[in-house]
There are 2 protein chains.
Amino acid sequence: MPARTPLDANAVLAATEEILRRHGPDKATVVDVARALGVSHAAVYKHFPSKQALREAVTRRWLDRNRDALAVIAADSAAPPAQRLRTWLHAVLAVKQAKIRQDPELFAAYGILAAAHSSVATDHVADLLGQLTAIIADGAADGSLRTDDAEATARVVFNATAKFNHLAHAAEWQNPGVGAELDEVCNLLLEGLRAPTSP
Amino acid sequence: MPARTPLDANAVLAATEEILRRHGPDKATVVDVARALGVSHAAVYKHFPSKQALREAVTRRWLDRNRDALAVIAADSAAPPAQRLRTWLHAVLAVKQAKIRQDPELFAAYGILAAAHSSVATDHVADLLGQLTAIIADGAADGSLRTDDAEATARVVFNATAKFNHLAHAAEWQNPGVGAELDEVCNLLLEGLRAPTSP
DNA sequence: CTGGTAACAGATGTCAAAATTTGTAACCTG
DNA sequence: CAGGTTACAAATTTTGACATCTGTTACCAG
């Protein structure tokens, strides 16, 4: 007896996200997902080649949402690049803090993928580095930020703010002082990036 | 029958370090330590109140050795403070890289304590921050580094180099490019700390 | 009273059997 | 033939009995 609803990949994804949210990444099974959809577990394998692929697809979806939200800040040409850099770095932190509070289970799923060196994680970092590069290149273009190579400088800034963007520090992000710490690091980095007033 | 050798706390410590090194922090038991010393495990509890305390004492010992080695660099008044800052940050990384290679089990024991927010870990960080503060204060004194508050600036520099000193990044320290990355971060930070040539 | 012992209860770890899950295959059906 | 089914082998997780470990107590010797 074929299922009444055609069951497209998107429905599987939505159900998986819900199961993941409810059960957490360790306990969520594809049998659970299938049960939630009212089909046999073999049916979900028609749409995704493996459990890993399912997890990656769900995670990639919300990472992409984050990326798009941050891209708005990175591309906001109304703000001067130095200001935009600071705002963007704070936003990266804020987005992840919010996710931890709202969807700790989905965040944990991302952590698992990152630890496994999944392309989902490396691609996400590449996306963020791209946005950072764009901001710094804008600053180089209008002369407000000094850099030889916007991409290299972006990597340096990203490394110097690892405490505020790398998952390994997620536990510390609950600390109330973390925003102020980031602000102080921004101050120093922006001081270093500021084009000298007189050479 | 009392033991022939009096068994002081130091002997217990040495035996524990050996067991820890051989078995790793997960498999090392105080029964093992007692067996190595030829006493009952209750005897060990005469010298240390708990297994946790034993682990902390061993770990504190090698952290103190590291601290002392780094203090030599921090206090080397022959090198200008900016240079000393760079050398010291590289040394912090190098010391930990070396420990991971030579004594991965002891390093893992330190990781466990840090994750448990043991005072051993927080004290170690405080020690390092103290050395960093001293270097920056030296720079402020001779006018080569610009800072309002050496201690606050030390915290900022420490945060900005978290990727190269925080245990959470230990896995990444195997990567060959890590030294170069630290160097680039140092370049930017020193640029930011450099007193302006003309105000 | 310092420093050791043996004996113990409760927590924790181990290990193999049982159950569940993953992924595949062979098979329906509109 | 896209999309579903049941049936099944292999991998993984759970379970539960058992062993070991942790920390305490009561006791002993110099």
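Helix H7 of chain A is the biggest contributor to the lining of the largest pocket, giving 6 residues. Helices here (H or I, at least four residues) and strands (E, at least two) are DSSP runs, numbered from the N terminus. This is a predicted model, in which local features need pLDDT of at least 70 and side-chain atom pairs count only at pLDDT 80 or more, while totals for chains, interfaces and linings use all residues. Residues are numbered from 1 along each chain as its sequence is written, chains are lettered from A and ligands numbered from 1 in the order in which they are written, and side-chain values use heavy atoms, with hydrogens and water left out.

**The two pockets**

A pocket is an open set of points on a 1 Å grid over the protein atoms alone, where a 1.4 Å probe fits, with protein on both sides within 12 Å along at least five of seven lines; lining residues have an atom within 4 Å of a point. The volume is the space filled by probe spheres set on the points, which are joined across faces, edges and corners.

The largest pocket holds about 990 Å³ of space. Of its 28 lining residues, His117(A), Val125(A), His166(A), Lys163(B) and Glu172(B) are the closest to the centre. Two or more lining residues come from each of helices H6 (104-115), H7 (119-141), H8 (150-160) and H9 (162-165) of chain A and from helix H10 (178-193) of chain B.

In the second largest pocket, 26 residues form the lining, and Lys163(A), Glu172(A), His117(B), Val125(B) and His166(B) lie nearest the centre. H7(B) provides the largest share, 6 residues.

In the table, Ala, Val, Leu, Ile, Met, Phe, Trp, Tyr, Cys and Pro count as nonpolar, Asp, Glu, Lys and Arg as charged, and the others, Gly among them, as polar.

| Pocket | Volume | Lining by class |
|---|---|---|
| Largest pocket | about 990 Å³ | 14 nonpolar, 9 polar and 5 charged residues |
| Second largest pocket | about 830 Å³ | 14 nonpolar, 7 polar and 5 charged residues |

**Domains of chain A**

An automatic or database assignment sets the domain bounds, giving domain 1 (9-44) and domain 2 (51-193) in chain A. Their C-alpha centres lie 30 Å apart. Domain 1 brings 15 residues to the contact and domain 2 brings 13, with contact meaning heavy atoms within 4.5 Å. Between them the two domains bury about 1200 Å², 68% of it on carbon and sulfur atoms; buried area is the accessible area (1.4 Å probe) lost on putting two parts together, summed over both.
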